[in-house]
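Below are some notes for a colleague who is opening this structure for the first time. They are set out as numbered points and can be read alongside the model.

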Amino acid sequence: MVSIKKIITRDKISTILFLIIPIVLVIIFIYICIIWNVVVSFSDWDGLRPSYDFKGFGQYQKLFTNEIFLTSLWNNIVLILIFVPGSLVMGLLLAILLDQKVRKENVFKLIYLLPFTLSFVVTGFLWRWMYNVRVGVLNTLLESIGLGFFRNDWIQNVDWAMFWVCVVLIWQYSGYMMLIFLAGIRSIPESQVMAAAVDGASGFQMYYRIIIPQLKAPIFTGFVLLLVFALKAFDLIFILTGGGPGYTTEILPLTMYKEVFRKKHFSYGSAIATILFLLIMIVVIPYLYKTYRREK
Amino acid sequence: MDPKKQSIIIGLIAVIATAGIVGGVMYAILAPSEEGEADVLEIYHWWTSGGEAAAIGALVDVFEGLYPGTTVKQRAISGGSGITMIPIITALVLAGEAPDAFQMHAGYEGIAYYEADLLEDINDIWTDNNLEAVIPDVVQSMCQFEGDYYMVPVNIHRSNVVWYNLKELEAVGVDPKTLTNWTAFFDACFEFEDANPGKDAIALGHAWTQAHLFEQILASQGIDVYENWINGLITNTTDADISAALDILTTFMSYTNDDFDSLSWDEATDLLIQDNSVFNIMGDWANGEFLVANSVYDDDYGTIAVPGTGNMYGLVVDAFQHPAGVANPENSDRWLEVVASKEGQDAFNPLKGSISARTDSNLTLYGPYHDWTGADFASVTYMFPSVVHGSGAPQSFSSELNAVINAFCTGAANKATTAAAIANLAADNIADYTTVWALD
């Protein structure tokens with residue numbers, strides 16, 4: 001028989017030690033929690049009473065007849081429709097601007113990326129102050145430059161609150177998208193750009209016909225990242241509007257939080273979490289599949 | 001070596017190592033500490049700001065004076081209404097690590113713990129200390145579940161208070177004592193705005209303050225209406241009393257500041273202190289804002305009951321309890337006795353800005369505002385538990401009410417939709433209404 005010493009070389013021990021902790025942590029805190037969440041969503045557990053009676057799809061049936069859940073789901077869709085394309089377009093525009101061989105490119109990169117480095121809680125408080133109707137910097141600025149007639153009630157406005165929330169999200173994410181797109185643009189062979197220039201392509205044509213069509217991969221990556229964030233955004237909206245006015249900016253994670261931690265409806269909240277998980281999987285699985293196939 | 005065998009051996013080593021690491025960590029977390037055996041009282045609360053911290057400190061001083069050998073460990077977790085503390089307590093209670101007592105609002109806020117058998121009944125503390133003789137009936141009900149006592153109250157804040165700017169009101173020739181109904185109140189608002197173009201008569205704040213306001217307006221419709229509401233009996237989507245309350249709220253909103261939804265409750269009160277408005281409806285924790293601004297009661301500002309609630313006292317009550325399976329059960333009981341005692345309450349409440357939950361407290365220790373409200377506390381006909389502050393209705397109802405009223409105040413929902421939403425909230429959560437309140 002081969003001795004243990006030969007099997008367990010130093011390399012293998014260190015590999016095991018390095019892998020074991022993250023694997024155990026991931027299993028306990030992600031996969032077991034996901035499974036536990038699904039189990040709870042089929043029970044009547046209220047968080048304190050040790051009752052896990054099987055209730056089948058009862059919580060899910062309740063979900064799809066509950067007006068608050070349906071409103072939150074719709075708000076999530078509206079958020080995706082404004083925030084995802086908004087961030088992609090802004091990110092692309094910033095990347096194109098930086099691609100003009102500007103001086104001090106790194107300084108601009110840093111400026112654009114800075115919002116993304118802030119925590120969402122900080123961003124939430126910052127913009128809540130900026131949007132303040134009475135003393136907020138936006139209204140004060142508009143007033144001081146003689147554009148007082150543009151004064152706005154921003155996130156207090158029932159019809160526009162979600163839009164102004166999306167503006168904050170776009171502000172925070174477009175710098176990150178810019179980085180992804182800039183890397184994509186820089187990976188396009190110089191020869192193609194030169195050839196197009198020789199053929200007389202204008203700046204606009206160059207981007208429209210040569211560069212942007214080759215950015216499919218970064219656009220797809222950015223799209224998936226933004227979509228996943230839009231589905232699970234919580235902290236920023238919780239701080240910025242708390243879901244208000246009324247329910248106008250309440251999205252699924254906020255509804256889930258209220259159900260679980262304020263009302264102690266743990267199983268109902270778990271059902272919302274499961275729906276969110278499924279929605280995110282619908283986005284992520286095709287992405288992973290495509291990425292995996294590309295690598296193969 | 002056969003790669004399969006090799007993988008199996010590596011796998012086995014991985015499992016053993018994992019078990020070792022997880023076991024070690026779990027032991028470190030769960031092993032009983034030496035501390036647990038000492039004479040300790042551990043309490044959790046969310047009183048962290050200046051006056052609040054001083055108040056709980058004074059209460060702890062009373063306890064330590066009586067039990068000098070016991071070490072009191074205060075775990076103060078900031079976050080109004082226990083927004084941060086409650087999830088932590090829930091986790092501790094579930095893990096069997098409940099502290100010896102923790103702060104909660106009396107009434108429905110404790111029901112989840114009661115239903116899960118996580119609270120000990122404390123009937124003997126109530127009997128031994130003769131508390132029923134000195135604590136009002138409604139407050140007694142707020143401390144009970146199914147006829148047994150599970151909490152003792154530490155203080156009472158009043159919710160149905162109108163704060164007014166005395167100088168501004170005198171300038172328009174209005175006597176605050178005449179504002180006993182909504183018509184007179186709105187006439188005064190009109191007078192103020194007429195005399196002060198560009199100013200709003202009423203200062204209002206963001207979401208929960210609007211629900212707080214609605215609660216007071218509903219009480220002004222009569223104690224029977226309020227009682228029906230908190231008993232979950234208003235389930236008609238076109239209920240006339242709810243409709244009347246929303247009409248009053250509509251008129252009210254026409255006199256408020258436009259930026260109400262971006263102001264916190266204290267920023268709204270500050271509008272009144274800064275002479276930018278003349279009225280503010282808020283619980284009596286607002287008194288601290290006037291004191292900080294060096295405003296003098298009956299000189300710079302004053303108070304009346306919310307119109308139509310002159311014979312009522314809106315209750316916001318903080319309480320402590322004896323959780324099941326605590327490490328120091330005897331100290332837990334001792335703490336509850338101190339909390340409920342006259343000495344303890346008179347040490348705590350003057351600093352906290354609330355009044356004692358006992359009718360025999362020494363009112364000379366309190367300020368001029370408390371002279372007024374203390375006299376009312378002893379003489380009003382009715383008391384009603386606040387819904388917005390966790391006591392009067394199930395959490396499934398109260399936590400949604402803020403958004404429903406906020407939608408109405410901001411114009412996101414009309415009167416019919418709001419009336420229907422309030423009724424449906426009660427109907428949809430009717431199973432959670434386990435307390436039957438008797439307020440009259």
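Predicted model: local features only at pLDDT ≥ 70, side-chain atom pairs only at ≥ 80, totals over all residues.

1. Phe204(A) has a relative accessibility of 62%, so this residue counts as exposed.

2. A search of the whole structure gives 66 aromatic pairs over all chains. Phe204(A) and Tyr208(A) make one of them: their ring centres are 5.5 Å apart and their planes meet at 10°, so the pair is classed as stacked.

3. A pair in chain B has another geometry. The ring centres of Phe63(B) and Trp335(B) are 5.8 Å apart, with the planes at 65°, so this pair is edge-to-face. Phe63(B) is in helix α2 (residues 50–66) of chain B and Trp335(B) is in helix α14 (residues 329–340) of chain B, so the pair ties together parts that are 272 residues apart in sequence. Phe63(B) and Trp335(B) are both buried.

4. What else does Trp335(B) touch, not counting residues up to four places away in sequence? Besides Phe63(B), the list holds Leu41(B), Ile43(B), Ile56(B), Leu59(B), Val60(B), Ala101(B) and Phe320(B).

5. Trp335(B) also stands out in the largest nonpolar core, which has 131 residues: together with Trp229(B) and Phe279(B), Trp335(B) touches the most other members. Both domain 1 and domain 2 of chain B supply this core with at least three residues each. Another core lies apart from it and has 64 residues, including Tyr131(A), Ile188(A), Ala196(A) and Tyr207(A).

6. The domains of chain B come from a domain assignment. Domain 1 is made of 37–156 + 315–382, and domain 2 of 161–314 + 385–432. Between the C-alpha centres of domain 1 and domain 2 of chain B the distance is 28 Å. In the contact between them, 22 residues of domain 1 of chain B meet 25 residues of domain 2 of chain B.

7. Chain A contains 14 helices and zero strands. Its radius of gyration is 24 Å, well over the 19 Å that the globule rule gives for 296 residues, so chain A is more spread out than a compact globule. The C-alpha trace of chain A spans about 70 × 70 × 30 Å along its principal axes.

8. How much of chain A is buried? Of its 296 residues, 44% count as buried. The accessible surface of chain A is about 16,800 Å², and carbon and sulfur atoms account for 70% of that area. Among the contacts in chain A with a separation of 6 or more, 69% join residues 24 or more positions apart.

9. One aromatic cluster in chain A is formed by Trp36(A), Trp45(A), Tyr52(A), Phe234(A), Phe238(A), Tyr257(A), Phe261(A) and Phe266(A). Tyr257(A) is also one of the buried residues of α13(A). That helix is mostly covered, with eight of its 11 residues buried.

10. Some points of the backbone deserve a check. Most residues other than glycine have a negative phi, and most peptide bonds are trans. After α13(A) comes Lys264(A), with a positive phi near 60°. Lys264(A) lies in the loop between α13 and α14 (266–295) of chain A, and its relative accessibility of 10% puts Lys264(A) in the buried class.

11. Where is the residue of chain B with a phi near 65°? Asp275(B), which is not a glycine, has this positive value, and its place is the loop between α12 (265–273) and β10 (279–281) of chain B. At 34% relative accessibility, Asp275(B) counts as partly exposed.

12. The peptide bond from Gly244(A) to Pro245(A) is cis, with omega near 0°. Pro245(A) is found in the loop between α12 (235–240) and α13 (252–262) of chain A.

Terms used: Residues numbered from 1 in each chain as written. Chains lettered and ligands numbered in written order. Heavy atoms only, no water. Helix = DSSP H or I, 4+ residues; strand = E, 2+ residues; numbered from the N terminus. Buried < 20%, exposed > 50% of the residue type's maximum accessible area, 1.4 Å probe, protein only. Core = buried A, V, L, I, M, F, W, Y, C linked by side-chain atoms within 4.5 Å. Contact = heavy atoms within 4.5 Å. Rg over C-alpha atoms; globule rule 2.2 N^0.38 Å. Areas by Shrake-Rupley, 256 points an atom, 1.4 Å probe, with all protein chains shown as cover. Phe/Tyr/Trp six-rings, centres within 6.5 Å; stacked < 30°, edge-to-face > 60°.
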